[in-house]
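Biologist: I have a model open and would like to go through it with you. Could you take a look?

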Amino acid sequence: MRVFLFLVVFFIIQSGFSQSFYRYRFEEPWSFSASLGPTQYFGELYSFWKYNEGVQPDWNANVAFHYTFGTHLRARGEFSYIKMSGQDPPSDPRAFRTPRDLHFRARNWEMTGIVEYYWYPVKVPNIHRPLWNPYIFFGIGMSTNNPEAQLDGVWRDLRPLQLENNPYERYITVFPMGLGLKYKLNVYMDLIIEGNYRFTLTDYMDDISAYNVSEFYLDLVDDYVSGNNPDRLRLAIRNPDFLDDNGMPDVAKILRNNGRVRRGSGLRHRYDGYMTVNVGLEIHFSRDIFQNWIFRDRINEKRFRFW
């Protein structure tokens, strides 16, 4: 009987003790993050690697859900809005690209799945997360691809026009990879700093791939002269040397030159890409996150704090 009573009392004490400190375990694997930052496009209208052309940044924003599935591993599903652009005016003169007078902009939506590998273990109670934790990541995803250019003050979709007689898809595959760093702000929240470069399988994020228009200039001229689609020639050839006094294409000069009007680098094996550098916040879910953090009475209620 004494043994039975001892076991009952021990069980009650142990249960109460465990429940009172359960909220400080925080072993839930899910978290949510949001971040924003600049975007830099790399392609026919910008070459950071070869020429000194400065930075032509736009911006991006994203939200993501994270799941811890290994000692150092986490999975991430991410949804992003990415704005990018490029133009000739800031080009390095050594690139021989300034006379083209081409430009583009794109506003893409991207969805990716990513695996993150952390330097320090992440499959630990939230309270035991390290103060700093660098990580690397890679993944795969899909992005919209709809470049635009301005003509007569109106932004025109370039993909349907097929300026180089080479159709390309509205959706493209992207391969994100990069480096990140997380700083623990408190038990529930981290500060995120991350650089993410996307490799792609297309050379048409800027609608430019061919070195010049010699392979398709007759089709462009025919559409212009016949009036079927004159905007194709006007958007494809904007070099001031091949425009008349009214700013319209000089058809006779284009024909005499056999379409040798510079358009891109002609390196078809070199696909376009883009990079984002983001700063954001990540919130780790827990059963008592609302009671112990968001709605906690900071004046009258006394409880243990671990941050």
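Biologist: Which exposed residues does the face of α2 turned away from its buried side carry?

Modeller: That face carries the exposed residues L218 and V225, where exposed means over 50% relative accessible area, buried under 20% and partly exposed in between, with a 1.4 Å probe and protein chains only. Keep in mind that this is a predicted model, in which local features need pLDDT of at least 70, side-chain atom pairs count only at pLDDT 80 or more, and totals for chains, interfaces and linings use all residues. Residues are numbered from 1 along each chain as its sequence is written, and side-chain values use heavy atoms, with hydrogens and water left out.

Biologist: And which residues of α2 are buried?

Modeller: In helix α2 (residues 217-226) they are Y217, L220, V221, D223 and Y224; helices here are DSSP runs of H or I with at least four residues, strands are runs of E with at least two, and both are numbered from the N terminus. Seen down the axis of α2, these buried residues fall within an arc of 160 degrees, so they line one face of the helix, the arc being that of the directions from the helix axis to the C-beta atoms.

Biologist: What covers them?

Modeller: The cover includes α3 (231-236) and α4.

Biologist: Switching to R263, is it buried or exposed?

Modeller: R263, which lies in the loop between α4 (251-256) and β10 (273-284), counts as buried because its relative accessibility is 2%.

Biologist: What does its side chain make a polar contact with?

Modeller: The side chain of R263 makes one with the side chain of E164, at 2.6 Å; a polar contact is a pair of N or O atoms within 3.5 Å, where within protein one must be able to donate a hydrogen and the other to accept it, and residues adjacent in sequence count only if both atoms are side-chain atoms.

Notes:
Contact means heavy atoms within 4.5 Å.
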